[in-house]
Amino acid sequence: MEYLHKNELNKTLKRFNKIRLYNIYGYMNILPVKYLQKNPNKYIQVQLNTDTHYNAIMMDIDDEELLTEWNAVGLPTPSIQTINKKNNKAHLIWLLNVPVSKKNRKAVKYYKDIVNSIKILIGADKAFQNHQTKNFLNTEQFRVTYNDVAYDLADFKHYIIRDAQYTIESEIETTGSRHIDLFNRLRFYGYRNAKKANFEDLLVARAEKINETFEEPIKTKYIVKSVLKFCEEHKDNFKTVANKNIGNMKFQKISNLSQEEYRKEVQNRQKKSSKRTQDIKRLRSAGKLKVAIETLLRKQIKLSYKNIAKQANLSLSTVKRQAKIIKLFIHNSNGVVRSIRVIATHGSVRATELLSGCKKPTLLKYRSLKLFTFENFFNKWVYNPNSIQESTYD
């Protein structure tokens, strides 16, 4: 066909080393573009928009009376119009000069605003996932109109609808499998509606609606049954948006700050979070060191950095950095080994490890601690070892 040699389509296809294809039975293959060009009539769908980029704006038109609606609202001419010869259902494609990377959040939001607005303006299928399209190279099954033109997103900016009442539900990325796509879209719907009285009827109706968006419908019975069972068992555990996790640091939302104040506030929060993370790591290491030291003493193995590191399953450098804590955990005096347990308890602790030849047991007593925190532990016990108070009894 003449349109196969047009510039803009060739530019788009050259972005692919391999392309995802779907045959008439719904099976998927990932094959070189050259294979598609040599055997175009073997496949009914191609995936122009990939897992990483959007290469085109695509619309699904189920009503043949709406095929020219794009012209009525003043949209640019589609690059490709692919119409099914059997039922006159069509896909409209606007090729993009520059693909939109899905890593660029602002660009993706801009792209989706355009796509959702066009769906409303021309009456396209709102549930269409905008990834696969009818194979425009397959002229046996489709009538194809090609225009050698590609567009920038800016060419569509005047068609964006801002009204909240026209908001379309956000897309769930397609996987290439109709069964998995149905399951994913249905389960998210189920999470939001699991507590409704007529939940099963809603789920069945939703599944049928999603199934209608597929080129080849599938059986939904077992997928609906699986989602229904899970949602009924866990409906009390689903969190609402209002109860979402705001983080361990419990920071309040930043608002009404100048740019400089905002930058300083972010830096301050980052420092606090970093300090908390370091303290947690220190405490975890301290707990491992304590257990390792007590084990080595019980087995009468020499206390060396190397042996402690091996027993605690820590690196030698980590053990050496915790030298001050190790000195607190081990204190030899008159054959008595005194064990500090501030990691596990907050009050007085009895030393339980005694060396042979010890005549009198010894107690280690601590000043009573208030609410235990990372900061007062390290300030009081690590950097001020003299705060430990000893006493013996007969």
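Buried means under 20% relative accessible area and exposed means over 50%, with partly exposed in between (1.4 Å probe, protein chains only). Keep that handy for the exercises below.

What you're looking at is a predicted model, where local features need pLDDT of at least 70, side-chain atom pairs count only at pLDDT 80 or more, and totals for chains, interfaces and linings use all residues. Residues are numbered from 1 along each chain as its sequence is written, and side-chain values use heavy atoms, leaving out hydrogens and water.

**Exercise 1. Get an overview of the protein chain.**

Find out how many helices and strands the protein chain has, and what share of its residues count as buried.

Step 1. Count the elements: there are twelve helices and 13 strands. Both kinds are DSSP runs numbered from the N terminus (helices: H or I, at least four residues; strands: E, at least two).

Step 2. Check burial: of the 394 residues, 39% count as buried.

Step 3. Look at contacts, meaning heavy atoms within 4.5 Å. Among the contacts with a separation of 6 or more, 68% are between residues 24 or more positions apart.

**Exercise 2. Decide where to be careful.**

Work out over which residues pLDDT stays under 50.

Step 1. Recall that pLDDT is the predictor's confidence in each residue, from 0 to 100. The protein chain averages 76, and 76% of the residues score at least 70.

Step 2. Residues 241-245 stay under 50, and the model has zero contacts beyond four places in sequence for them.

Step 3. Residues 332-394 stay under 50 too. For this stretch, though, the model has 106 contacts beyond four places in sequence.

**Exercise 3. Sort the aromatic pairs.**

Classify the pair Y54 and Y111 and the pair W94 and F156.

Step 1. Learn the rule. Rings of Phe, Tyr and Trp (its six-membered ring) pair if their centres lie within 6.5 Å; planes under 30 degrees apart count as stacked, over 60 as edge-to-face and the rest as tilted. By this rule the count comes to six aromatic pairs.

Step 2. The rings of Y54 and Y111 have centres 4.2 Å apart and planes at 20°, so this pair is stacked. The pair links distant parts of the chain, with Y54 in strand β4 (residues 53-61) and Y111 in helix α4 (residues 105-122), 57 residues apart. Y54 is buried at a relative accessible area of 0%, and Y111 is buried at 1%.

Step 3. The rings of W94 and F156 have centres 6.3 Å apart and planes at 85°, so this pair is edge-to-face. W94 lies in strand β6 (residues 90-101) and F156 in the loop between β8 (142-146) and α5, so the pair ties together parts that are 62 residues apart in sequence. Both W94 and F156 are buried.

**Exercise 4. Look for charges over rings.**

Identify which residue lies over the face of Y54 and which lies over the face of F188.

Step 1. K102 lies over Y54, at 4.6 Å from the ring centre, while R187 lies over F188, at 4.3 Å.

Notes
Lys NZ or Arg CZ within 6 Å of the ring centre and 35° of its normal.
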